[in-house]
Structure formats: structure tokens, C-alpha cells
Amino acid sequence: MYRKKECVAMLLAGGQGSRLYALTKKTAKPSVSFGGKYRIIDFTLSNCINSGFDTVGVLTQYQPLQLNDYIGNGLPWDLDRTFGGVKILPPYQGQNGADWYKGTANAIWQNMEFINRYRADYVLVLSGDHIYKMDYAKMLETHKKNGADCTIAVIDVPLEEASRFGIMSTREDGSIYKFSEKPKHPDSTKASMGIYIFTREKLERYLREDSENPNSENDFGKNIIPAMLAGGEKLMAYPFTGYWKDVGTIRSLWEANMDLLGEHPALSLLDESWRIYSRHEAAPPQFVGADAVVRNASVTAGCEIHGTVRGSVLGTGVYIGRGAVVENSVLMNGARVEDGATVRYAILDANVTVEKNAAVGEENAADRIAVVGADCVIAAGTAVPAGAMISEDDQRKEIAK
Amino acid sequence: MNAAGLVFSNIHDRTVPELTRIRTMASIPFGCRYRLIDFALSNLVNSDVTNVGVITHYNYQSLMDHIGGGKDWDLARRSGGIKILPPYVAAYENAAAARLYASRLEALLGAQNFINRCNADYIILSDCDAVLNIDLNDVMRAHVQTGAYLTLVTKRMSAADHKFTRERDIATLDENGRITEMARYLPREGEVDVSTNIMVIRRTDLQAALSEALARGYGSFHRDIIGRNLGRKLFCAYRYNGWYSQIDSLETYFSASMELLTPEARQGLFGGEGREIYTKIRNSAPTKYAEGAAVRNSLIADGCVIEGTVDNSVLFRGVRVGRGTVVRNSILLQDTLVETDVDLHCVITDKNAVIRDGRVLSGHETMPFFIGKGITV
């Protein structure tokens with residue numbers, strides 16, 4: 001017997017994040033590291049628990065191993081519950097054959113049973129690849145107050161960027177009369193954040209109809225929302241004004257990390273009332289050596305710094321050797337920058353080693369971030385130019401030649 | 001070899017009154033993010049001892065809060081795991097155990113239920129004043145190999161280097177590592193084998209010793225269980241040669257903390273492959289170093305915000321150091337707030353202390369200035 005839950009959250013975490021290239025070769029985008037000790041998905045999961053939503057289905061598809069490991073039984077987010085909690089929902093084989101999740105809507109449709117066993121009145125659909133802090137409970141309150149069938153969280157974006165998003169046109173009361181996915185000539189700046197609350201019966205009905213349509217792409221933005229609009233359902237926009245970042249590109253991932261720095265950071269993780277939780281690695285405290293310079297930086301446990309670190313975000317267990325310089329960069333867990341090496345405007349994925357006197361990236365190259373994929377070794381004395389993208393596979397091929 | 005652990009959380013409380021007034025020895029914060037018991041528990045867990053009893057005395061609220069269900073040490077188990085053993089006090093005034101235990105032996109007598117039911121071949125006894133990273137499997141192997149009745153882990157220390165300030169339990173060994181004498185005194189010269197109070201004994205032997213102690217009205221573990229039997233049974237020392245520190249005063253707390261700034265101590269305590277030290281997870285954000293920060297030779301926990309200068313210091317989680325402030329040779333415990341233009345030298349602040357703008361506070365290495373929990377200066 002399952003306890004009834006008013007609202008079940010469904011977190012779409014199957015995206016490949018192909019524009020993150022080397023960073024998502026071995027893992028799905030939601031489990032890419034962020035801000036030193038977090039993964040991108042920590043923000044959505046923490047938002048869920050901080051909002052009081054304790055039943056979360058995580059839909060995985062692309063490279064799920066790391067994500068499965070990471071989420072585990074949900075303990076770090078207090079989601080290891082007897083009633084509810086977090087459940088990983090991979091595509092499965094059914095009586096009528098096996099299907100990959102064909103689109104976002106199809107992924108939810110295939111898991112209607114998960115939602116229904118909690119007899120949920122509402123379904124919160126989320127995507128696991130955005131960085132933001134948001135109280136979903138307030139959004140649900142608004143949804144109920146409006147008597148809406150679907151509420152979509154929207155954020156104001158600059159007009160010139162609007163054509164990258166799903167754009168909502170709304171009336172004065174916030175109700176949506178038009179939705180256009182990535183319009184060439186946007187007539188509004190209200191962009192969908194990919195956060196939807198549906199009243200369950202309506203969702204189930206439209207998902208069923210969608211599943212019976214062979215021409216559908218089974219996507220919320222492209223199919224379900226337009227169908228609901230056409231069907232005369234009440235769709236409401238829920239405006240959000242805080243920090244929100246789609247970290248789907250190397251540049252935006254780097255920028256979001258940089259947003260943690262500075263005197264008045266755009267994104268602060270120190271707010272005790274809205275903590276972001278993450279799975280923790282046992283690591284000793286960080287040590288800053290006698291000759292080290294660490295300024296305007298975010299540094300995590302296990303780091304050992306003997307060189308210079310400025311304007312950078314360091315993950316767990318990063319080592320910076322003597323005379324090494326790390327500037328305007330993001331170094332993920334276990335990265336090692338040996339004596340005399342330099343790293344500028346770069347992202348180093350987990351366990352990258354930059355050997356002595358090697359150089360990664362260049363100065364003033366914010367538009368050409370150098371990326372080194374997990375486990376790569378940059379040989380002593382060599383240079384990786386700005387904007388370069390190196391992965392372990394490439395390195396192996398290089399050696400084979 | 002199947003062993004259970006028994007950890008004494010209070011035994012040395014009186015030695016560091018400043019820090020134990022509100023907590024047990026076991027829950028004294030140490031090394032940026034740990035409590036002293038974390039070293040004892042991690043050593044047990046890393047040696048596959050997952051059935052652990054923690055003997056408490058008084059003031060164990062902070063300890064229970066720290067341990068919780070034991071999950072952070074992987075000791076939340078259906079079978080075995082960690083058990084807090086509150087002191088056993090009989091309900092009737094004239095009963096045998098009508099008062100709180102006063103010695104290690106009495107504490108063990110109160111824990112007989114755990115010992116009788118833990119279903120392990122060996123018991124590892126451990127105190128909380130020792131800071132070390134030791135493979136207890138090695139100790140157990142030595143124990144079995146020598147056929148000892150009891151094996152005591154000792155550390156060879158030179159009086160010249162260590163400048164002991166208090167008496168220690170010192171073992172005298174013969175050439176085979178057999179303990180011929182145990183005495184408690186202040187070593188002033190030469191090299192001595194100091195007891196870490198980590199011991200291994202067969203469970204049935206411990207049960208028999210406790211029954212005998214009850215029958216004969218013995219009161220001291222060292223005098224009655226060890227001392228009386230030294231000539232009759234085989235007591236062996238296991239000489240541990242890694243990094244070791246014993247906290248027996250505010251001074252040694254200060255010097256042991258400062259020693260963590262050396263690579264030898266950090267390597268010795270944290271460097272072992274698969275021998276991590278576990279602690280309660282607090283979910284702190286990474287530490288932020290501001291543009292004006294100048295941090296040198298310091299050990300810093302997560303969750304700090306540093307805007308000033310920090311030299312040769314140990315900062316616990318959530319410490320804030322304001323602009324223009326200089327912190328030297330100091331230990332700032334969890335959530336200490338140091339505002340702007342403050343000057344601290346050889347200061348230890350307990351949790352949640354607040355140092356207001358412009359204060360100048362200084363102690364000395366031999367007498368650090370201590371600011372109590374939650375006190376505002």
C-alpha cells in the first residue's frame with residue numbers, strides 16, 4: 001500500500017547534454033559537476049525536498065551509471081523514505097515490447113503507474129539540467145488557487161535570446177494564449193523554464209491522446225502544451241524572478257560557476273534556509289600552503305593549494321602545486337595541477353592531471369574556454385590552446401597513432 | 001577474526017575542562033571538521049569492525065547528536081552497527097550500581113550486556129583522547145600471533161621532543177615486546193612506550209575478568225585487571241609507529257591542532273589509502289575566499305567565508321573572518337564570527353563565539369586564550 005501524495009515530482013534526467021561535449025562523454029548532463037561539490041541535479045533535488053516534496057521519480061536514459069550511483073537511495077537529500085522518496089525510473093521492457101523514452105512526454109507516459117500508485121492530485125514535471133533555487137510549494141499553491149490545468153514557470157529573458165526558448169504569450173491574469181517553441185520572431189520575453197505542474201487527470205488524458213498519435217514527437221513543449229491550448233484548458237504562467245541558468249553549453253556552465261564568486265555573487269550557496277545538498281565524499285579539510293595565494297575563489301574539502309588561485313572554483317581533492325597558477329577556471333574533483341603549470345579560462349573535469357609547466361587555456365579567453373575531459377593527462381611542458389576540447393578517447397587515439 | 005569495539009567517550013573528560021564543560025571528550029571538535037570520537041570510530045570501521053558500543057557517562061547530548069543513527073560511519077546496521085550505551089544506574093539506592101560509574105572497570109561492568117551479547121571473538125577497547133589513524137587488523141593479527149591475553153597499543157615517544165605536561169600510562173617492555181610493568185607518571189627524560197589505551201582482548205577473557213572483578217570487588221582496570229596479572233598472564237605491546245597525538249590539556253589540544261599544519265601529520269592522519277576519517281556530514285557549501293583574502297599555512301573547513309588574513313590557523317566549518325582582520329596561530333571552532341579589523345593571536349574560540357569589530361586578543365602557545373561557546377567579545 002502506498003501513502004497518498006498530493007503531488008509527485010517527475011524529474012527528467014535522461015538528457016545527453018551533447019553541447020557539453022567531453023564533459024558528458026561518460027555521464028548524463030544532470031550528473032555533471034558544478035560549484036565544487038555539487039552535481040547539476042542537486043539543485044532540482046534540493047528544491048524538491050526544501051519545498052516539502054518527498055516523492056520524486058528520476059527518469060534516466062543516457063549514460064545512467066554515474067547518475068544511479070550518485071542518487072543511490074536518496075539519503076543526501078533526505079529522500080530515503082519509507083513512504084515516497086526518490087526512485088530511479090529507467091526505460092523498461094513491457095508486454096507490448098521495449099521502448100526507449102521517445103520524448104519528454106513519452107517518458108512521463110511510460111511511468112503513469114508510478115504517479116498513480118501515490119494517487120497524486122498533481123504532477124510536477126522538472127528537468128535536471130538547470131541551476132536555480134525555487135520553492136515549488138508556492139507554485140503549487142498558485143496552481144490550486146487559479147484552478148489551472150497546467151501551470152508553467154516562466155522567466156523574463158532578453159528579447160534577443162528569446163528565440164532559444166519556448167516562449168509564452170499571456171493575458172493580464174497570467175493565462176497563456178499562445179506557446180511557441182523556439183520562435184524566430186518572438187512576441188513575448190516570457191520563457192518556459194521547463195517546470196510544469198499538471199492536474200493529474202488532465203495530464204493523463206493528454207498524454208494518452210499524444211501516445212496514440214504516431215506523428216507526435218511526444219514532447220511537452222512541442223506537443224502536449226499546444227494540444228492543451230487547442231483543447232481550451234486553463235494554462236497559467238508562473239513568473240519566477242530569481243537566479244536561473246540553463247547550463248547546457250560550455251560557456252554557460254563556466255559562467256554559472258563564475259556566478260558563485262565575487263563580493264555579491266549572483267548565486268549564493270551559503271543560504272542556510274535553502275541549502276543545496278549533495279552526496280558527500282569523505283575528504284580531509286582544505287590546506288592552504290605557506291606560499292599560496294587564494295583570492296576570489298570557492299574551494300572545497302580535500303584541496304591542497306601551494307600555488308596561486310584566482311577567480312576559480314575548485315572541487316573536492318584538487319591539488320595545486322608550487323608556482324602553479326589557476327585563474328578564471330573550474331576544476332572538478334581530483335584535478336591535479338602540478339608545479340609551475342598554468343590553467344586559465346578552462347574547465348578541467350574530474351581527475352585531470354596537468355603535469356609540470358604545462359599550460360591549459362589562455363588569458364582573456366572567456367569566449368573560448370578550454371575543456372579537458374575526465375581522467376586526461378596533459379603532458380609536462382605542453383600547451384592546450386584556448387577553446388580546445390580534449391577527451392580521454394582522443395588522447396588514446398593520438399597515442400595509438 | 002571477528003571483533004566488536006567498545007569506545008569510552010568520557011574517560012579523560014577532566015583533562016580539558018574548557019572544552020568538556022559542555023560536552024564529552026568524544027565530542028571535542030578537532031581538525032576543522034571532526035570530533036575526537038571520529039578517529040576511534042573510523043579506525044574501527046576501516047578495520048572492518050562494525051559492531052561498536054559507545055560507553056557514555058554524562059553530557060552526552062552533543063555526542064548523540066553527532067552520531068545520530070551512525071550512517072556517516074556506515075554503522076547504521078540491522079545487525080551490529082553503533083549502539084550508544086548510556087550509564088547503567090540501578091533504580092534502588094542500596095543496589096550494587098546505585099551511582100554513576102567512576103572508573104574504566106565500573107564502566108565496563110555497566111556495559112556487560114553489550115559484551116555478553118555482541119557475539120564477537122575479540123573486543124577492542126578504545127578511548128577518545130587519541131588522535132591517530134591505525135590499522136587495527138594489524139593489532140589483532142599481532143594479538144593472535146603472540147597468543148597474548150591482552151595486547152596494548154603503545155607509541156614510543158621521546159620526553160625531549162614531546163615535553164609531556166601530564167602523567168601518562170607508561171609500559172615497560174622486555175625485548176620480546178612483553179609488558180613487564182605499567183605505571184602512571186610524567187616522563188621527563190629518555191624514550192618511553194606510552195599507552196594509547198587501545199587494547200585487544202578475547203571476549204571470553206574480558207567476560208571472565210569482569211566476573212572476577214565483581215566477585216572480588218575490584219575497582220580499577222589498570223591496577224586490578226592489568227597490574228595484578230602482569231606476571232601471570234601474557235600482556236603484549238603493539239608498537240604503533242604512525243602519527244599520534246594525545247589530547248590531555250588545552251595546551252596539547254592547541255599543539256596537536258597546530259601540528260596538523262605539517263605535511264607529516266596530515267599524511268599520517270588523512271593520507272592512508274582506504275583509511276579515510278569519517279564524520280557527521282553537515283552539507284556546508286565550499287569555502288569562499290574573497291578578493292582581499294590572504295591565507296597561508298592554514299587548514300580550513302568547508303562553509304567558511306574569508307575576507308581577511310589567516311596565518312598558521314585552523315578554521316572549522318562556517319567560520320567567518322571579516323575584512324582587515326588578522327588571525328594568527330589560532331583555532332576557531334564551528335561558526336565563529338570574527339568581524340572586521342580584529343587581531344587574534346593564539347586564541348581558541350569555541351562554537352558560535354563572536355568577536356566584534358576591532359578587538360585585539362592574544363594568548364601564548366603555552367597558554368592559548370580561550371573563548372567559550374556562544375560568548376561575544
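Which residues touch the most other members of the largest nonpolar core? Before I answer, a word on conventions: this is a predicted model, in which local features need pLDDT of at least 70 and side-chain atom pairs count only at pLDDT 80 or more, while totals for chains, interfaces and linings use all residues. Residues are numbered from 1 along each chain as its sequence is written, chains are lettered from A in the order in which they are written, and side-chain values use heavy atoms, with hydrogens and water left out.

A nonpolar core here is a set of buried Ala, Val, Leu, Ile, Met, Phe, Trp, Tyr and Cys residues joined through side-chain atoms within 4.5 Å, where buried means under 20% relative accessible area with a 1.4 Å probe, protein chains only. The largest one has 51 residues, and those touching the most other members are A:Ile320, A:Leu331, A:Leu348, A:Val360 and B:Ile306. Two or more residues each come from strands 17, 19, 25 and 28 of chain A, strands being DSSP runs of E, at least two residues long, numbered from the N terminus; strand 17 of chain A gives the largest share, three residues.

Taking A:Leu348, and leaving aside neighbours within four places in sequence, its contacts (heavy atoms within 4.5 Å) include A:Val330, A:Val343 and A:Val372.

Turning to chain B, five strands form an open sheet with parallel pairing in the order 15-18-21-24-27, where pairing requires at least two DSSP bridges between two strands. Strands 15 and 27 of chain B each have a single partner strand, so one side of each is left without a neighbour in the sheet. Within chain B, strands 18 and 21 run parallel and are joined by three bridges, and B:Thr309 has B:Val326 as its bridge partner in strand 21.

Conventions. Buried < 20%, exposed > 50% of the residue type's maximum accessible area, 1.4 Å probe, protein only. Helix = DSSP H or I, 4+ residues; strand = E, 2+ residues; numbered from the N terminus.
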